2 protein chains.
Amino acid sequence: MKISDAALKVGLPVKTIRYYSDIGLVTPTGRSAAGYRDYDHSALKKLVFIRRAREFGFSIDECRDLLDLYEDQNRSSADVKHLASLRLRDIEQKQKELQLLHDELSHLVQSCKGDGRPDCPILSNFAQV
Amino acid sequence: MKISDAALKVGLPVKTIRYYSDIGLVTPTGRSAAGYRDYDHSALKKLVFIRRAREFGFSIDECRDLLDLYEDQNRSSADVKHLASLRLRDIEQKQKELQLLHDELSHLVQSCKGDGRPDCPILSNFAQV
DNA sequence: TATAGTCCTTCCAGTAACTGGAAGGTCAAG
DNA sequence: CTTGACCTTCCAGTTACTGGAAGGACTATA
């Protein structure tokens, strides 16, 4: 599969996938005779995983660790489990924070009259500090 | 409140708060005689809101829009409502994606034996493409 | 009152992770 | 056999910080 089709399927810009290829995060499965990058199913899965992880603030290096751990058969699965457990905690914390952000904005939308009057109480709905 | 105390309260690095001050995103309430930045309760609220929004991929400009809309009394609350509604959609989508990421990693943790054997099936638990 | 330590300031340079654009090769359709 | 939409590499620019230097300010203790 060529890079633009891969980009469509996984929801990342072509430029970004090319960048990931450059830095060795997800290398293409192969190259066509003309030098075009080729991506297979497992590469697509990795890209989707990375897209999600990146969207939620995990660094490239953290993503790399998870992928590398899998691909390096010398590492033990205990390492993977430990790393994944740590990230799971992070994600659960993020879920709570995201819910708070949702609540704030949702309350804002509900309390705005939306009739053109500039009395929208956005600040009064801000998070408790 | 001085910048380091503010940083502690809102969960942002001092450097970042100073940066937000420099770019005019959240300006300090005032300055002490010595020129120290001073932050009050409402500034802290703005900082917490921005921290959350930034963590979930909203750009500085998107944050600025929400804050500016509030502070610009010439804007109508309908504008705020519309903008906040759009962001709310984004957040709901993010909640779904975050749940998927959580499921992936959680399944990974559960299926890893954690006994040192390198047979952890991380890739087989990747998202469906 | 001196001095040590921990703040604070500005400024400037560096980093992470893209992102845009130029210059040029490839390929299917008409 | 050319047009247009792909693809390639390379290099420069952007966003949002982040680290460090140089120096001023405040607090506690000797």
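Modeller: Let's start with a word we'll need: a residue counts as buried when its relative accessible area is under 20%, as exposed when that area is over 50%, and as partly exposed in between. Keep in mind that what you see is a predicted model. Chain A has five helices and two strands, and along the sequence they come in the order α-α-β-β-α-α-α. If you take the contacts in chain A between residues at least 6 apart in sequence, 40% of them link residues at least 24 apart.

Now for the packing itself. Two packed helices are described by the angle between their axes and the distance between the axes. Who does the touching? H1(A) brings A:Ile3, A:Ser4, A:Ala6, A:Ala7 and A:Val10, while H2(A) brings A:Val14, A:Ile17 and A:Arg18. Sorted by class, the contact of H1(A) with H2(A) has six nonpolar residues, one polar and one charged.

Next, hop over to chain B. There, the axes of H1(B) and helix H2 (residues 14-22) come within 9 Å and cross at roughly 105°. That makes H1(B) roughly perpendicular to H2(B). On the H1(B) side the contact uses B:Ile3, B:Ser4, B:Ala6, B:Ala7 and B:Val10, and on the H2(B) side B:Val14, B:Ile17 and B:Arg18. By class, the contact of H1(B) with H2(B) splits into six nonpolar, one polar and one charged.

H1(B) has another partner to look at. The axes of helix H1 (residues 3-10) and helix H3 (residues 41-55) of chain B come within 10 Å, crossing at roughly 50°. H1(B) and H3(B) are therefore oblique to each other, and their crossing is right-handed. Here the contact is made by B:Ala6, B:Lys9 and B:Val10 from H1(B), together with B:Leu44, B:Leu47, B:Val48 and B:Arg51 from H3(B). Five of the residues in the contact of H1(B) with H3(B) are nonpolar, none are polar and two are charged.

What sits in the segment before H1 of chain B? You'll find B:Lys2 there. B:Lys2 is partly exposed, with a relative accessible area of 46%. Leaving out residues up to four places away in sequence, B:Lys2 touches B:Tyr36 and B:Arg37. The C-alpha atoms of B:Lys2 and B:Ser32 are separated by 9.1 Å, though these two residues are 30 residues apart along the chain.

Finally, back to chain A for H3. Helix H3 (residues 41-55) of chain A has 15 residues and reaches 21 Å from its first C-alpha to its last, close to the 21 Å expected at 1.5 Å a residue. Just after H3(A), A:Gly57 takes a positive phi of about 90°.

Key: Residues numbered from 1 in each chain as written. Chains lettered and ligands numbered in written order. Predicted model: local features only at pLDDT ≥ 70, side-chain atom pairs only at ≥ 80, totals over all residues. Heavy atoms only, no water. Axes fitted to C-alpha atoms, helices over the stretch in contact; angles between N-to-C directions. Helix = DSSP H or I, 4+ residues; strand = E, 2+ residues; numbered from the N terminus. Parallel < 35°, antiparallel > 145°, perpendicular 65-115°, else oblique. Left-handed = near helix turned anticlockwise from the far one by under 90°. Contact = heavy atoms within 4.5 Å. Nonpolar A, V, L, I, M, F, W, Y, C, P; charged D, E, K, R; others polar. Expected span 1.5 Å × (residues − 1). Buried < 20%, exposed > 50% of the residue type's maximum accessible area, 1.4 Å probe, protein only.
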